[in-house]
There are 2 protein chains.
Amino acid sequence: MSGERKVFRELQSLESAALTFWQAYTAPEPSAERLSINETLGRVLAADVFSEIDVPGFDRAAMDGFAVVAESTFGSDDRIPVKLKILGEVEAGNTNAHSISRGEAFEIATGAPIPKGSDAVVMVEYTKRHADSVEIYRPVTPGENVTGAGSDIMTGELILRKYQVITPREIGLLAAIGIGKVDVCRKPRVAIFSSGDELVEPGGPFSFARIFDTNGPAVAASVAECGGDPNFLGILPDDYNAVKNAVDTALNDADIVISSGSTSSGPGDLFYRVVDDLGEPGVLVHGLTLKPGKPALIGIARGKPIFGLPGYPTSALMIFHVLVAPIIRRLSNMLESSPDKIHATSPMKFFKARGRRELLPVELITNPKGEFIAYPMQSGSGAISSFSLADGFVDLPEGQEYVDEGEGVEVQLFGRGLLPPSLVAIGSHCVGIDIAFTLLRAGDPSFLGRTINVGSVGGFRAVKRGEPDLAGVHLQDEETGQYNIPFITRYGLERSAFLIRGYDREQGLIVKRGNPKKIQKVADLLRVDVSFINRNKGSGTRLLIDRHLTQLAAAQGTDLENLTMKIQGYGYESKTHSAVATAVKNDRADVGFGIRTVAETPGLEFVKLDDEKYDFLIPKDRIEKKSVSVFLELLRSQEFSRTLKQRAPGLTADRLSGTVLFRPA
Amino acid sequence: MSGERKVFRELQSLESAALTFWQAYTAPEPSAERLSINETLGRVLAADVFSEIDVPGFDRAAMDGFAVVAESTFGSDDRIPVKLKILGEVEAGNTNAHSISRGEAFEIATGAPIPKGSDAVVMVEYTKRHADSVEIYRPVTPGENVTGAGSDIMTGELILRKYQVITPREIGLLAAIGIGKVDVCRKPRVAIFSSGDELVEPGGPFSFARIFDTNGPAVAASVAECGGDPNFLGILPDDYNAVKNAVDTALNDADIVISSGSTSSGPGDLFYRVVDDLGEPGVLVHGLTLKPGKPALIGIARGKPIFGLPGYPTSALMIFHVLVAPIIRRLSNMLESSPDKIHATSPMKFFKARGRRELLPVELITNPKGEFIAYPMQSGSGAISSFSLADGFVDLPEGQEYVDEGEGVEVQLFGRGLLPPSLVAIGSHCVGIDIAFTLLRAGDPSFLGRTINVGSVGGFRAVKRGEPDLAGVHLQDEETGQYNIPFITRYGLERSAFLIRGYDREQGLIVKRGNPKKIQKVADLLRVDVSFINRNKGSGTRLLIDRHLTQLAAAQGTDLENLTMKIQGYGYESKTHSAVATAVKNDRADVGFGIRTVAETPGLEFVKLDDEKYDFLIPKDRIEKKSVSVFLELLRSQEFSRTLKQRAPGLTADRLSGTVLFRPA
C-alpha cells in the first residue's frame with residue numbers, strides 16, 4: 001500500500017461533467033466501412049444515397065390481363081365485346097421487346113413490361129380468352145392499369161440520408177434501387193478494462209478472497225447496446241506501471257477507453273494518476289455530485305476519451321448509462337431507438353377496403369406538441385416509394401369502414417431505430433429541397449429531413465391540417481398569373497401560414513438530344529409526326545401544360561378538349577418529371593413537359609417555356625421552430641444559390657429567396 | 001405460361017390461419033448452444049442457472065478503514081481514543097490468511113477479506129494512523145461495516161431462469177457467479193427465397209424489364225430482428241422443378257422456409273403446387289381475408305413451416321409482421337422487447353440521499369392493472385443481488401428529498417428484452433419457491449417467476465401495498481405459537497389477503513461434520529469453547545433464535561440481554577442461511593442456526609430443533625390470476641411434495657399444502 005491517498009478534486013454535476021468533456025474533446029469524422037446490405041441491420045449510413053435508376057425502369061402492367069392500345073377497346077361492353085387478336089403472352093421478367101397495334105393484344109402478367117405501342121391493360125376479369133383472340137367487355141383509357149417508368153423513384157432522387165439508422169425497411173429500399181453494398185459508419189472501438197487485484201475472470205481459477213469480474217462483461221455488453229464495438233482487454237492489477245502500459249497500448253487502436261474499479265480514494269487508487277500522466281489534458285472530471293458517482297472519472301489523453309467507472313457493478317452500470325452511453329451513442333450516430341409499436345393519430349378521414357381487414361402502410365411525423373401523426377401512404381402497395389416512406393402500418397379490423405380525422409391508431413413499426421425528423425416537407429417535390437436538406441445536414445450531423453410528395457395542392461391541404469414544417473408549392477392563378485399567394489386565401493390559410501419566397505424553376509419541353517423533330521413550341525404537339533407524354537392530373541406541372549394548351553385552343557378558336565384530341569399521347573399520364581424524361585429517352589414519346597433539371601442528362605435536350613415560382617408555405621406555429629429558422633437562413637445564403645446553380649440547372653435562387661411573401665394576420 | 005390457374009381456396013382470417021397452423025405444427029424442443037457470455041447479448045437462456053458459489057465468498061470489509069475485534073473499540077470517543085497495534089495491511093484481493101486478537105488491527109480496503117478473529121471494521125474517517133498504531137475515535141459493534149459471506153447470493157440459489165432474455169445485466173450476473181460460458185437457445189434457422197423471373201439480385205447485372213429483389217434482403221433483416229437466423233438462398237425462377245428442388249433442399253437444414261412472390265393466381269403461380277407436393281399436410285392456408293393478404297400462404301412439409309409472402313415489398317413486410325414474425329418469435333423464445341425507458345410508480349415513500357442527485361436502482365413488477373411498479377433495491381449498491389434484481393434505475397434530482405408513495409417515476413432500463421414476470425413472490429426466500437417455479441416452467445415454457453427477498457415482515461408489508469402475487473412468510477406468534485395467521489390481523493390484511501398452506505421447514509443447529517464439539521441444544525451456545533454465528537435482526541429465523549434464547553433465559557432466571565452477553569459471536573449477523581452454513585464450514589464459527597436444506601452439504605451436519613410453517617400470503621385481487629391458480633394447484637400436487645423430498649431435504653409438503661388457511665372477509 002502506498003502512503004499516498006488521492007484527494008478528490010471538486011465534484012461536478014453530471015451536466016457540468018458532460019460540458020467539460022465536450023469542450024475538451026473534438027470527435028473525429030466517423031470513418032466508413034462498406035458492407036453488404038445484408039450485414040447492415042442496426043448500423044448507421046455514412047453518406048446520402050441517391051438512386052441511379054428509375055423505379056420501375058419501364059412501363060409495366062399493374063394488373064393481370066391484356067395489354068392493348070386503349071382506343072381498340074372504346075365502345076366495348078358486356079353485350080358487345082370487342083374482339084382483339086392475341087399476339088402472345090408477356091410474363092413478369094420477360095425481357096423481349098414486343099410491340100402491338102390497334103386490334104391486337106398481349107396477355108400480360110402483373111409487373112410485366114407492356115409491349116411498345118400499347119398504352120393500357122384490361123383486367124383479366126373483364127375479358128374472355130379464346131385460342132387466338134380475346135373478348136374485351138370494358139373499355140380502358142390510355143394509361144389505365146399501367147405503372148409508368150420512374151413513377152415510383154426517379155433517377156437522381158435522394159433515397160436515404162446520411163446517419164439514417166438502417167432497419168429492414170432501409171435494407172429493402174437499398175435493394176430496390178440495386179445497391180448491394182453500402183457505406184456505414186464504423187462503430188467506435190471501445191477498449192474495456194476491469195481493475196483490482198481481487199478480480200478473477202469468470203470461468204477462471206478461483207481462490208480465497210477473490211471475486212469474479214462482473215463489470216468487464218456487463219460494460220462490454222452495454223457498449224454493444226449503444227452502438228459501440230467493445231473489446232474487453234482483461235483485468236488489470238493494482239499496479240501503476242501495469243495499468244499505465246495497458247491503457248497506453250489500448251489507446252493505439254481504441255477510440256475510447258473505459259476502466260472500472262480502482263478509482264476510489266481508498267488503497268489501490270491509481271487510475272487517476274495514470275490518466276493524468278498519459279498526456280494533456282489528462283483528468284477532466286473526478287467525482288460527480290451524484291450518488292453513486294463519487295469515483296467516476298473522465299479524462300482525455302492522446303485525443304481520446306478515457307472513463308473510470310465505480311467498482312460496484314450496479315454503480316458501474318448506472319454511471320455508464322448516464323455518463324458514457326450518451327457519448328458513445330453520439331459518436332456512433334445512434335440516437336434513441338424506438339419500441340415495436342407507437343400510438344399516433346390520423347390526420348385525415350381515410351376510407352379502408354370495404355368488408356376486409358386492412359393493413360394500411362403509414363408514414364409518421366410529429367405535430368408541434370411532439371405527438372405522432374400517422375399519414376396513410378397515397379401510392380399503391382406495389383410502389384417502392386410507399387415502402388420507402390412507410391414507417392409501419394395500422395391494422396384496421398374488418399368491421400371498420402374508415403379512420404376518422406383525429407382518430408387514434410396503433411402503428412406497428414417496420415423496424416427499430418425510428419428517428420423523428422428535424423424538418424418535414426409535405427407538398428410538391430423538388431430536388432431543390434433535397435439540396436437544401438443536404439446542406440443543412442453538412443452543418444449539423446443530427447439534422448434529418450423528410451419529404452412527403454403529395455403535389456402542390458396536397459401541400460396546401462397538409463398545411464391546413466397543420467402537419468408539415470413546410471410545403472413546397474408552385475400553383476399559378478389562371479386569371480392573374482400570380483403564383484401561390486392567391487391560393488393562401490383559397491385554402492383558408494390567411495391566418496395560419498407564411499409564404500416564403502423559394503426559387504425560380506425553368507419549365508419547358510423535354511426532347512431528344514439534337515431535337516430531331518425540331519419541336520420548339522406547344523403548337524408542335526399537334527403535329528401528326530409527334531407523340532407526347534403527359535403528366536398526372538392535379539400536379540402543378542399538368543396545370544401548367546393545360547394552361548398553355550388552353551391559350552393555344554383560344555388562339556385557334558377551339559377549346560381544350562377538342563384541341564387535346566389531336567395530341568397523340570395526351571391521355572397517357574406519367575407521375576414525375578423523371579418518368580417523362582425516361583419516356584422520351586426510351587423512344588416511348590417524342591416530347592414531354594417538365595423542369596430543366598431532369599432534361600440535363602445525356603440523350604435529352606430542353607426547350608424552355610416558363611419560369612415558375614417554387615415557394616414554401618410554412619404553418620404559423622412552425623415559423624419559430626429551430627430547424628425552420630435554419631432552413632430559411634439557408635435559403636437566403638450565397639451557399640444555397642451557388643449550390644443550386646452547380647447541381648440543379650434550371651433552379652435559380654434570387655435575393656428575395658428566404659424572405660416573407662405573405663405574413664398571416 | 002401454363003394453362004393452369006390456381007383457384008384460391010377459402011380465404012381465412014389471420015386468427016384462423018394462425019390457429020390452423022398451430023394445430024398442424026409441433027415445434028421441436030429448442031436445441032442449445034454453449035457460448036461465451038460475451039457473445040450472448042440478446043440471446044435466450046436454454047436452462048436455469050444456479051449459483052455454485054457464495055457471493056461474497058468470504059467476510060469482507062464494506063468500508064475502507066481498520067479491521068478490529070469490536071470489543072477492542074468499546075468506550076472510545078473523540079477525547080479518549082483507543083489505541084490499537086497495527087499488524088499490517090489488507091488490500092482487496094489479498095489472499096493471505098491473517099488473524100488478529102483484541103488490541104490489534106489491520107488496515108483494510110473496501111472489499112478485502114477481514115482477518116480471522118476480527119468482526120468489524122472502523123471507518124477510516126474515525127481513525128488516526130501512526131507508524132505502528134492507530135487511534136480509534138468511535139466504537140463499532142460486531143459485524144459493523146462487514147459484508148458476510150454468502151449474504152448476497154447463496155450457493156445453490158437459482159440465479160436466472162430458462163428462457164430469460166440476456167441483457168447486459170444478465171451477462172454481469174453470470175460473470176459475478178463465475179460462469180464464463182452458458183447454454184443459450186439456438187436461433188431458428190430460416191431459409192429465405194425470392195421468386196420471379198423478373199428479379200435481379202441487388203448489385204447484380206441489370207437489363208430491360210427487370211427489377212431488383214427487395215424482399216429477400218428486407219425479409220432476412222426482419223427475421224434477424226425477431227430472433228431468427230436468416231439465410232437468404234437466392235432468387236428462384238418461375239419454374240416448378242427449380243422451386244421444388246430448392247425448397248426441398250432448404251428443408252434439410254432450415255427450421256422454417258419463407259418465399260415471396262409467385263403466390264398470386266396470375267401467371268407464374270406455382271409455389272402453391274410446390275408446397276402441396278412436398279409432403280403432408282402441404283398447404284394449410286392460401287389467402288387471408290386481409291388487405292393485402294390475398295396471396296399469403298402457410299404450409300407444412302417434412303414437419304417444417306413454409307410461408308409464402310406477397311411479391312410487393314410493402315405487402316410482403318406487413319404480412320411478415322402479422323403472420324410470420326409472431327411464429328418466429330415464439331420459436332426463438334423471444335417475447336416482446338422493451339424500450340429504453342418506461343414509466344412506473346413508486347410503491348412506497350423512499351428517502352433519497354440528502355442534497356445529492358441519486359441514481360436509485362429499482363426492480364419492476366406489474367400491478368393487477370398491468371401498470372409498472374418500481375421497487376427500490378433494499379440492499380447496498382455493492383451487492384450483486386441488487387444488480388441481479390435491478391431492471392434499471394430512477395434518476396432523482398438533487399433538490400428532491402424523497403419519492404412519495406404512488407409517485408410516478410421514469411425508469412432507465414439496464415437493457416432491452418424486459419419480460420414482465422408471470423408470478424412475483426416478495427417476502428421470505430426459500431428454495432421451495434425456486435423448486436415450484438422450476439416445475440411450473442417445465443409445464444409452460446413461457447412461465448417466468450420472479451422472487452424478491454425482503455423477509456417475512458417485508459412480505460406482509462408488500463402484500464399490504466398490493467404488489468406481489470404471493471409472499472412466502474414464516475412468522476410465529478410468541479404467545480400462541482401459531483404461525484402466520486395472527487399477523488394477518490396485525491398487518492390489517494383480514495379483508496385483502498388469503499393465507500395458503502405451504503410446507504414445513506426443519507430449523508435447527510448447523511454444525512461441522514461429525515459434530516466435534518457435541519453441540520446438541522441451544523444451551524450449548526453458552527459454552528466457552530463454542531463460537532456462534534447469528535442471523536440478521538428482522539429475519540424470521542432470528543426471531544426463532546431469540547425465542548429459543550428467551551425461553552432459556554427464563555429457565556435460568558435471567559433475561560435475553562444478559563444471556564446473550566455470554567454467547568460468543570451473538571453480535572455477528574449473517575443475512576442468509578447459506579452464509580451461516582459457509583461460516584461454520586470455513587471455521588469462522590462452531591455453530592449457527594438455519595434450515596436443514598443448507599446443512600445438507602459436505603462438511604456439515606444438522607441438529608433439528610423446530611418444524612416451522614412456511615406459508616403463502618396472496619392478495620385477494622390476485623387469487624384468480626391464472627399463474628396463481630396454477631401455483632396453488634402445484635402446491636397440492638404429488639409432484640411437488642415428491643420433488644421437495646428429493647431436492648430440498650428439510651422441506652415437507654403435506655395434504656393441506658395449497659389449501660386455504662385464511663380467507664379474507
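Guide: Strands, as the word is used here, are DSSP runs of at least two residues labelled E, numbered from the N terminus. The model is predicted.

Visitor: Which strand of chain A holds A:Pro281?

Guide: A:Pro281 belongs to strand E18, which covers residues 281-286 of chain A.

Visitor: What kind of peptide bond joins A:Glu280 and A:Pro281?

Guide: The omega angle is the value to read. For the bond between A:Glu280 and A:Pro281 omega is about -5 degrees, and the bond is cis.

Visitor: What is omega for the bond that joins B:Glu280 and B:Pro281?

Guide: There omega is about -10 degrees, and this peptide bond is cis. B:Pro281 sits in strand E18 of chain B, residues 281-286.

Visitor: Turning to phi, what is the value for A:Lys518?

Guide: Phi of A:Lys518 is near 50 degrees, which is positive although the residue is not glycine. As for its place, A:Lys518 is in the chain A loop that runs between strand E32 (497-512) and strand E33 (532-535).

Visitor: Is A:Lys518 buried or exposed?

Guide: The cut-off for exposed is over 50% relative accessible area. A:Lys518 counts as exposed because its relative accessibility is 56%.

Visitor: Where is B:Asn145 found?

Guide: B:Asn145 is in a loop of chain B, with strand E9 (133-136) on one side and strand E10 (146-147) on the other. Phi of B:Asn145 is near 60 degrees, again a positive value in a residue other than glycine.

Visitor: Why is B:Asn145 described as buried?

Guide: Buried means under 20% relative accessible area. B:Asn145 has a relative accessible area of 18%, so B:Asn145 is buried.

How values were computed. Residues are numbered from 1 along each chain as its sequence is written. Chains are lettered from A and ligands numbered from 1 in the order in which they are written. This is a predicted model: local features need pLDDT of at least 70, side-chain atom pairs count only at pLDDT 80 or more; totals for chains, interfaces and linings use all residues. Side-chain values use heavy atoms; hydrogens and water are left out. Helices (H or I, at least four residues) and strands (E, at least two) are DSSP runs, numbered from the N terminus. Buried means under 20% relative accessible area, exposed over 50%, partly exposed in between (1.4 Å probe, protein chains only).
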